[in-house]
Amino acid sequence: MSKMEVKTSLLDNMIGVGDMVLIEPLSEDTFIENLRKRFEHNEIYTYIGSVVISMNPYKSLPIYTAEKVEEYRNRNFYELSPHIYALADEAYRSLRDQDKDQCILITGESGAGKTEASKFVMSYVAAVCGKGQEVNKVKEQLLQSNPVLEAFGNAKTVRNDNSSRFGKYMDIEFDFKGDPLGGVISNYLLEKSRVVKQPRGERNFHIFYQLLSGASDDTLKKLKLDRDFSKYNYLSLDSATVNGLDDAACFRTVRNAMQIVGFMEDEVQSVLELVAAVLKLGNLEFKPESRCNGFDESRIKDKNDLKEMCELLGIEQSVLERAFSFRTVEAKMEKVSTTLNVAQAYYARDALAKNLYSRLFSWLVNRINESIKAQTKSRKKVMGVLDIYGFEIFEDNSFEQFIINYCNEKLQQIFIELTLREEQEEYIREGIEWTNIEYFNNAIICDLIENNKNGILAMLDEECLRPGTVTDETFLDKLNTVCAEHQHFESRQSKNSKFLTDHSLPHNCFRIQHYAGKVLYRVEGFVDKNNDLLYRDLSQAMYKANHSLIKILFPEGNPAKVNLKRPLTAGFQFRASVGTLMKNLLTKNPNYIRCIKPNDKKAAHIFTDSLVCHQVRYLGLMENVRVRRAGYAFRQAYEPCLERYKMLCKQTWPHWKGPAREGVEVLLKNLQVPAEEFAYGRSKIFIRNPRTLFFLEEKRRQCLEDLATLIQKIYRGWKCRTHFLLLKKSQVVVAAWYRRFAQQKKYQNIRSSALVVQSYIRGWKARKLLRELKHKKRCEEAVTTISAYWHGTQARRELKLLKEEARRKHAVAVIWAYWLGLKVRREYRKFFRANAGKKIYDFTIQRIMQKYFMGLKKTMPSMSPVDKSWPARPYGFLDGMHQELRRIFHLWRCKKYRSQFTEEKKATYEEKLAASELFKDKKALYPSSVGQPFKGDYVEITKNPKYQKLNSLVEDKVLLADVVSKINRANGKGAPRIFLLTKKSLVLADQKTGQVKASVPLLDLSSVSVSTQSDGFFALKLKEGSTSAAKGDFLLSSDRLIEIITKLHRIGAASAERNQINIDISDEFLVQFKQDKVCVKFIPGTPKNGNGVACKRKNNRLLEVSVPSP
Ligand SMILES: Nc1ncnc2c1ncn2[C@@H]1O[C@H](COP(=O)(O)OP(=O)(O)O)[C@@H](O)[C@H]1O
Ligand SMILES: [Mg+2]
């Protein structure tokens, strides 16, 4: 089923019919056919009402996954296709929610899948019940108890590779919430004969093989075992390995499971030691030894195995050895020891092995129970899972099969009782009329076996307890007499037997017609097995063992507690425990799983009709269906029924508002279902015939098709409409956008056009305005001009008039004045003398002069000789006098100025004057010297101590002392010299030392040459023939050249005896250096020579001085 499909009923996608109740027509053939059809489609589960039929698929199916668990969880039983999980869920939920204790009864033949089914149920319950650390631990322990019990209690048989050789009933206990608390396991009758002997094609219990294959070498060594199966007599070799079964891996699983369940390491070790001991025991062999009394006594052949076994179990070897040779019988306080013959010794050995193993198994169950026991005393809810060995029919059936089949009879009994009771109860609960139905009740067979007075088990016990010789034959005789009349008992020798000539019935056998078929039992071994005798010497030997586990297993070996009473027979014990189990089950709500095996070959896909038919018959499944259908074939609570079929009627579709029951009533009335076809229970509708149900189903199917079409139609419509709406919406959006865009564009166009138009209009308007304004302005200007002209004309006219008037007035006045003057003069002439005119003239002149001088006095310029200002002349006729006065004033002012001078200052000015006469406009250096005062002594010759000596050498007063450069003729470079000038001589001295280098009397000096330029070079030329001339002329340079030369010149001018010293000013002159005459030439300097004056020797006769232009 795909995940999308949602199932609401087991009727959906049904293969065949999911519930046998619905088969139409009902017959064995249709029943088997339905099973086959479902089996072939891997539908292994089918219901009969609430009973689950399970076919063993013999292959793993993907229907036990966690998803499946989820699918079935909390769903109604009929909601989904049949599954064991549905049953488990139903059971668990009614346990949890309705507080009903449950039991799961799993029945079927050996190999039909009971044990697997019980495990599925347990794992489902574990998966859906509560979670949490503690709960998970309990779950884990409960689940892990299975591998342990299976290892010790299961074996490979011809029917089943993992056949349970014991019956198991497990109570799982839950608290009020449904969380698991723990469990109790009960075990029933382990098939212990298997320990010593296995039918052909079968194996001993798994644990032996698992131990030998899976244990480590070390463990095996400790257990004194060999890995080779063939070394052990108890292990059948023909089928020691099972296909698809890894014993070694299973051993690890078992060890792990034991650990989880809570076994201590030493407990595990003890258990394995016991298993090993059983194997060793099987290897003991006996030989006869003749005794003097003529009897044979058995002796152990090879004591090695015995020794090892005793070591393993801590038993004293001699004690055990003796127990295999002698037997002590106690009777009436007397102990009698008899010898054992070889056959008895073997019997004792096997009895010990069987006992050892079966007691070990019971101990294991108890030990597990201890671990998984619920830790609380509060009330518990219980779910019991019964997995008991199935009905067995072998060729050779013995006591074990008898017991097993008895147990199955009891279970069938309980099934019949409970199913019918439950069915009846349901009708009563629902208030429906019920008529009884016939079915085969197997109570009579149970009675044959278990009747206290003349039941087979009672007979067997009686026989066992009877004194005297008791054999299996005497037992059979007894049966032949007691049960001969019973219709299910068949024996060849019974009274008036119908079977006297029945060769299929051997003489040493009896046959019982079980509910599941006839079974032939061979009586051999019945008495022994029922007695289950273990010689007391052996149990005592075991009790003496120095091994904790063995001691517990054989409590009757305790000499202190010798019990002379015979132990309870196996049959009795079993009957009692089955009785308890039945009572227990009757208190619980039963859930049935009826397992069927499809073939005898353990093969998948094979469906053997006859085999299935046989099982169907003896399981009473047909009766089951009939009973179920006797009343009503189908029932369903009102709500789900209404929910399922409400679409069949207009009133109930799609919603029914009232109670569900009324809804169903309306529905059925509307559908015109005949009234006898259904009955209304309190909570359920009961449908009598499957036909009616199928009618409803068919209608529903059709209706669903229509509905599907409708839904499709609506969906398609909806889809198209939504698509259309989407398209429309999109179209509107697109259109809106487009319109907006177009509108925008249009607007932009209009806008730009409007702008253009606007700009044109504005331009036009502006121009118009401008024109108007210009016009206005021109008009205004014109008006102004006109008015100006007009005003001007007006004004001029007026002015002209005024001038005219003024002129006239003036003329009038002049004329008037002249006339008056004339009149006055004529008047005055009468009074003045004839020379009065001259006097007036003089007076006027005087008056003018007076005014002129007074004015001059007021505007006299300053007294500074350089002030050139002079007031303007007021009258032209005073011009000559005015200039003269200016000259006189200046001379007077100068005189005044001069009269203030001291002698010294006067001398200085004279010198300056002289300098001006000498150099003004002749040498470019001159202007810079005008501002400099002529100080004379620049080196402070008198004060400087350095020059004291030099000063003292000079006799006269020093007129000038300065540092000059003496130009070296060889390279034109200057060297500093102190230049002293006195009245008589000039001295050149070293600047640093003050030592005199040359002293020249001024008389020897003929002339001085200087350039016209701004340099300070000057040559002192000596008179030819004078004493000083020998050394040659001096070419010197000084910034204060003007002062030096002026002073030199003035000295010459002042003295009478000397000639005036000539001053040559020229840009080229000759200088006498010793013998040579060198020309000194001044050229204007180029910028590359820098700002300073540079003197360079060009050749022998030429010194070139470049002077930068100022
Ligand atoms: N539901 C199932 N799915 C797959 N295999 C199954 C199933 N039930 C039984 N088997 C197979 O059948 C074998 C016998 O089943 P088991 O439960 O041991 O039988 P029973 O207990 O009735 O004797 C199992 O070992 C297993 O291989
Ligand atoms: Mg089983």
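Helices (H or I, at least four residues) and strands (E, at least two) are DSSP runs numbered from the N terminus. Both Thr115 and Ser164 are buried, where buried means under 20% relative accessible area, exposed over 50% and partly exposed in between (1.4 Å probe, protein chains only).

On conventions, I recorded that residues are numbered from 1 along each chain as its sequence is written, with chains lettered from A and ligands numbered from 1 in the order in which they are written. The model is predicted, local features need pLDDT of at least 70, side-chain atom pairs count only at pLDDT 80 or more, and totals for chains, interfaces and linings use all residues, while side-chain values use heavy atoms, with hydrogens and water left out.

Next I looked up Asn624, which is found in helix H23 (residues 621-630) and counts as buried at 7% relative accessibility. Leaving aside residues up to four places away in sequence, Asn624 touches Ile48, Val51, Phe415 and Thr419, contact meaning heavy atoms within 4.5 Å.

I then turned to the backbone. Most residues other than glycine have a negative phi, and most peptide bonds are trans. A cis peptide bond joins Glu24 and Pro25, with omega about -10°, and Pro25 lies in the segment before helix H1 (28-40). A cis peptide bond also joins Trp653 and Pro654, with omega about -5°; Pro654 sits in the loop between helix H24 (638-645) and helix H25 (660-671).

Two entries concern positive phi. For Asn42, a residue other than glycine, phi is near 60°; Asn42 lies in the loop between H1 and strand E1 (45-48) and is partly exposed, with a relative accessible area of 33%. For Lys224, phi is near 55°, again a positive value in a residue other than glycine.
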